[in-house]
Amino acid sequence: KSEDGEREPARVTLRLPVSSAAIPAGMVLVVSGDVPADYRGPPWSPAVALAPRVAPFLMDRFEVTNGDWLAFLESYTDDASRRARVPTAEFIADPERPGHFMLPTSVGAVSARDLPVRGISPDDAVAFCTWRSKRDGATVRLPTEAEWAVAAGVLLRYEFPSGVRGAAEDGDFAAVVAAKSVKDQSPYGVSGLLGNAREIVTVLGAAAGAADRFLRSEEHTSE
C-alpha cells in the first residue's frame with residue numbers, strides 16, 4: 001500500500017506458457033505461478049487443509065450474457081429441453097414460435113441481450129459449457145473455487161477483485177448492468193468478479209455426482 005493507505009497496483013513478472021497471440025478473443029490467460037492457492041471449501045464449512053497448485057487456464061473476460069444463453073437454447077431441437085434450460089430472469093415465451101423463448105428489447109435503459117444471464121442452476125451452467133465445448137472445439141468448463149480466487153487476485157494479495165475494498169461504489173451491487181459495462185476488473189482482466197451477477201464454481205475433489213460439487217452462482221473457465 002502507499003503512504004496514504006491506498007492500494008497500489010500489483011506488479012509481478014510471469015512466464016506465459018503460450019504466446020499472447022494464441023489467446024482467443026474474449027478470453028484472458030490466468031497464470032498463478034508456483035504459489036499454492038488457498039482453498040476454503042463449501043460456504044460456512046470448516047477450512048480444508050488443501051493447497052492446490054493452480055495450472056494456467058483461460059477464462060472468459062466477461063460474464064455469459066442473455067444473448068449467449070439464447071443461442072444455447074436455440075441449439076436444442078425439442079421444446080422440452082429448451083423449457084428445462086430457460087432462465088427465470090428476463091426470458092419470455094416467443095408468441096410467434098411456440099416452444100421457443102425470446103428476450104425483451106430492453107430492461108430499463110439496457111439491452112436485455114447484453115445483461116449477464118441469471119436465474120440458472122449449476123446443472124444448467126454445465127450444460128451450457130458442454131454446448132460451448134462442441135461449438136468452439138475446445139474444452140469449456142466451470143472454474144474451481146481456487147481458479148476463481150486466483151483470477152480475482154488472491155495470490156497478488158488483493159483483498160477483493162480489482163484490489164478495491166468492497167465499498168458500494170467499487171462494484172455494481174444495486175442493479176445488474178451490461179456484462180461489458182461493469183466497474184470492476186481483476187488484475188488478469190476478468191470483469192464482474194466483485195459485483196453484478198454471481199458466479200458458479202466447482203468444488204475441488206468432489207465426486208462427479210456429489211450434491212455439494214458447486215459453490216456460488218453463473219458460469220465458467222474456459223469462465
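**Before starting**

Residues are numbered from 1 along each chain as its sequence is written, and side-chain values use heavy atoms, with hydrogens and water left out. Because the model is predicted, local features need pLDDT of at least 70 and side-chain atom pairs count only at pLDDT 80 or more, while totals for chains, interfaces and linings use all residues.

**The whole chain**

Display the chain as a cartoon. Four helices and eight strands are present; helices (H or I, at least four residues) and strands (E, at least two) are DSSP runs, numbered from the N terminus. Along the sequence their pattern is β-β-α-α-β-β-β-β-α-α-β-β. Among the 223 residues, 43% count as buried. Buried here means under 20% relative accessible area, exposed over 50%, and partly exposed in between (1.4 Å probe, protein chains only).

**Helix α3**

Select residues 122-136, which form helix α3. The helix has 15 residues and reaches 21 Å from its first C-alpha to its last, close to the 21 Å expected at 1.5 Å a residue; the expected span is 1.5 Å times one less than the number of residues. Its buried residues are Asp 124, Ala 125, Ala 127, Phe 128, Cys 129, Trp 131, Arg 132 and Ser 133. An α-helix has 3.6 residues a turn, so residues three or four places apart point the same way. The cover over the buried residues of α3 includes β2 (57-60), α1, α2 (79-85) and β7 (200-202).

Next, pick out Asp 124 within helix α3. Asp 124 counts as buried because its relative accessible area is 7%. Leaving aside neighbours within four places in sequence, Asp 124 is in contact (heavy atoms within 4.5 Å) with Trp 69, Phe 72, Ala 84 and Arg 85. Just after α3, Gly 137 takes a positive phi of about 70°.

Move to α1, residues 66-74. Asn 66, Gly 67, Trp 69, Leu 70, Phe 72 and Leu 73 are buried in α1, and the buried residues of this helix pack against α2, β4 (101-102) and α3.

Now select Trp 69, Phe 72, Leu 73, Phe 91 and Phe 128, the residues with the most contacts inside the largest nonpolar core, which has 20 residues. The elements that give two or more residues to this core are α1 and α3, and the largest share, five residues, comes from α3. A nonpolar core is a set of buried Ala, Val, Leu, Ile, Met, Phe, Trp, Tyr and Cys residues joined through side-chain atoms within 4.5 Å.

Centre the view on Leu 73. Not counting residues up to four places away in sequence, Leu 73 touches Arg 82, Arg 85, Val 86, Pro 87, Phe 91 and Phe 101. A second, separate core of 15 residues includes Met 59, Ala 149, Ala 151 and Tyr 188.

**The largest pocket**

Select Gly 26, Phe 62, Glu 63, Asp 68 and Lys 180, which lie nearest the centre of the largest pocket among its 19 lining residues. On a 1 Å grid over the protein atoms alone, a pocket is an open set of points where a 1.4 Å probe fits, with protein on both sides within 12 Å along at least five of seven lines; lining residues have an atom within 4 Å of a point. The volume of this pocket is about 310 Å³, counted as the space filled by probe spheres set on the points. Helix α3 gives the most to the lining, with five residues. The lining divides into nine nonpolar, two polar and eight charged residues. Ala, Val, Leu, Ile, Met, Phe, Trp, Tyr, Cys and Pro count as nonpolar, Asp, Glu, Lys and Arg as charged, and the others, Gly among them, as polar.

**Loop positions**

Go to Gly 195, in the loop between α4 (145-152) and β7. Gly 195 is buried, because its relative accessibility is 3%. Not counting residues up to four places away in sequence, Gly 195 touches Glu 63, Asp 172, Phe 173 and Asp 184. In the loop between α4 and β7 also lies Asn 196, with a positive phi of about 65° although it is not a glycine.

Then select Glu 90, in the loop between α2 and β3 (92-93). Its phi is near 75°, a positive value in a residue other than glycine.

Finish at Pro 98, in the loop between β3 and β4. Pro 98 is exposed, with a relative accessible area of 67%.
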